[in-house]
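Hello,

Here is the structure I promised to pass on to you. Have a look at it first, and then read my notes below.

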Amino acid sequence: MNCIRPALGALALALSFTAAPAFAGKTLDAVKQRGSLKCGVTNGVAGFSAPDTQGRWSGLDVDTCRAVAAAVLGDGNKVEFVPLNSQQRFAALQSGEIDILARNTTWTLTRDASLGFNFTAITYYDGQGFLVPKKLKVTSAKQLKGATICTQSGTTNEKNAADWFRAQKVEVKTLVFENFEAAYKAFFAGRCQAFTTDSSALAGLRNKEAPNPEDYMILPELISKEPLAPLVRRGDDEWFAITKWTIFALIEAEEAGITQAKADELKSSSQDPAVQRLLGGGEDLGKLMGLDKEWSLRAIKAVGNYGEMFERNVGPKSVLQLPRGSNNLWSKGGLMYAPPVR
C-alpha cells in the first residue's frame, strides 16, 4: 500500500496541472490592449485574401483571422489587415508588425525550423500547377520545352518549378517578378507561355483576371505539396494555442454539424457533449488558453464552420469554383482532421 500512495499522489498532481488556467501571453495582452488583431495577408489573391472596391477583405485566410478576433475580442470585425508581398511577410511577423501571418503560406521544414515561427494548423491542402493558353496546344507541363514560365520570387513556387523541370530534363526559362500581380499580368500580356503558382490561385486568376477564361487551362500536373497554414511567432505558447485551436474548432464544428446560423440554437437544445464543449455549454476549455467559455462559439458565429468558409470563399459556388477534394473532412475522404476539442 505504501508503494501505491506516492504514485497516486503524483498522478493527482499531474492531473491538477492539466486543469490550470493559462497565463495570458504577451501577444494576447497586446491584442486586447490595442482592441484589434493585426493580420498579415496577400496584396490580393481571390478566395484567400482580397479587398473589394469598398476595401472590405474576404477570403479563407481573412476568415481565419476574423475567427481568432471573435474568439479573443468578441468581434470578428476587429481585424486590421496588413497587405504584404512574399518578401515582406516573414519580416513583418518577426518584427511584431502583425500578430498572425495568414497569407497562403506553405508549411516547409526550412520555414518551420529556421525563421522563429510556429505553423498553427493547415487550412488548405494545395499543390503547384501551371496555367497556359489553350492556343499553345499542350496537354502536359512536360511539353513546355523552351517555354518561358512566369512566377513570383521569394516563394516555394520558384524553387519547385526549377526542381521539377530539372528532374524532367525539360529546359525552360523563368521570368521572375517580385509582385504577384505583375507576374500574372505579364503572363496574360503574352510575355510567358505559362504561369505557375498554387493551383487554387491559378483557378482564381483564370476565372477572375483572364481576358477570357475559356482561352486558358490548368495543366493536369501538380508538382508539389503545398499545405497552407497561418503562422505565429515562437515564444508565446498561449497565442500559438489560441490560433491553432480556433482553426481546429471550426473544423470540428463542421464534423458536429454546427453551422453559423444554428450555433445559438444548438447551444440551447443539443444534448451532445462534444457540441456543448464547442458552444460553451459544457466544461470551460477557454480558461486553459486565457479566454472565456464561449470563445469557440463566437468564432463559429463570426465565420461559420470550416465547410461554410470553404464553400463561401473557394468552393464550387465561389469565383474559384474548386471542388472540396483533399480539403474535405477525413470522414468524407479528405485530409481535414482536427484533434478533439475537449
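Which residues of the largest nonpolar core touch the most other members? They are Val72, Tyr124, Phe195, Trp239 and Ile258, out of 77 residues in that core. Please keep in mind that this is a predicted model. Helix 9 (residues 237-256) gives the largest share of this core, with 10 residues. There is also a second, separate core of 14 residues, and Ala141, Leu144, Ala147 and Ile223 are among them. In soluble globular proteins, nonpolar side chains tend to be buried together.

Beyond its neighbours within four places in sequence, Ile258 is in contact with Ala253, Ala263, Leu266, Val275, Leu278, Leu279, Ile300, Asn305 and Glu308.

Next, turn to helix 7, which covers residues 180-188. Its buried residues are Phe180, Ala183, Tyr184, Ala186, Phe187 and Phe188. What do they pack against? The partners are strand 8 (128-133), strand 9 (148-152), strand 10 (173-177), strand 11 (194-198), strand 12 (216-218) and helix 8 (199-209). Both ends of helix 7 deserve a look too. After the helix comes Gly190, which has a positive phi, near 95°.

Finally, an unreviewed UniProt entry lists residues 36-266 as "domain: Solute-binding protein family 3/N-terminal". Over that stretch, the chain is 36% helix and 23% strand, and the end C-alpha atoms lie 29 Å apart.

Happy exploring!

Definitions and conventions:
Residues are numbered from 1 along each chain as its sequence is written. This is a predicted model: local features need pLDDT of at least 70, side-chain atom pairs count only at pLDDT 80 or more; totals for chains, interfaces and linings use all residues. Side-chain values use heavy atoms; hydrogens and water are left out. Buried means under 20% relative accessible area, exposed over 50%, partly exposed in between (1.4 Å probe, protein chains only). Helices (H or I, at least four residues) and strands (E, at least two) are DSSP runs, numbered from the N terminus. Contact means heavy atoms within 4.5 Å. A nonpolar core is a set of buried Ala, Val, Leu, Ile, Met, Phe, Trp, Tyr and Cys residues joined through side-chain atoms within 4.5 Å. UniProt positions are given in the numbering used here, feature names are shortened, and annotations may be inferred rather than shown by experiment.
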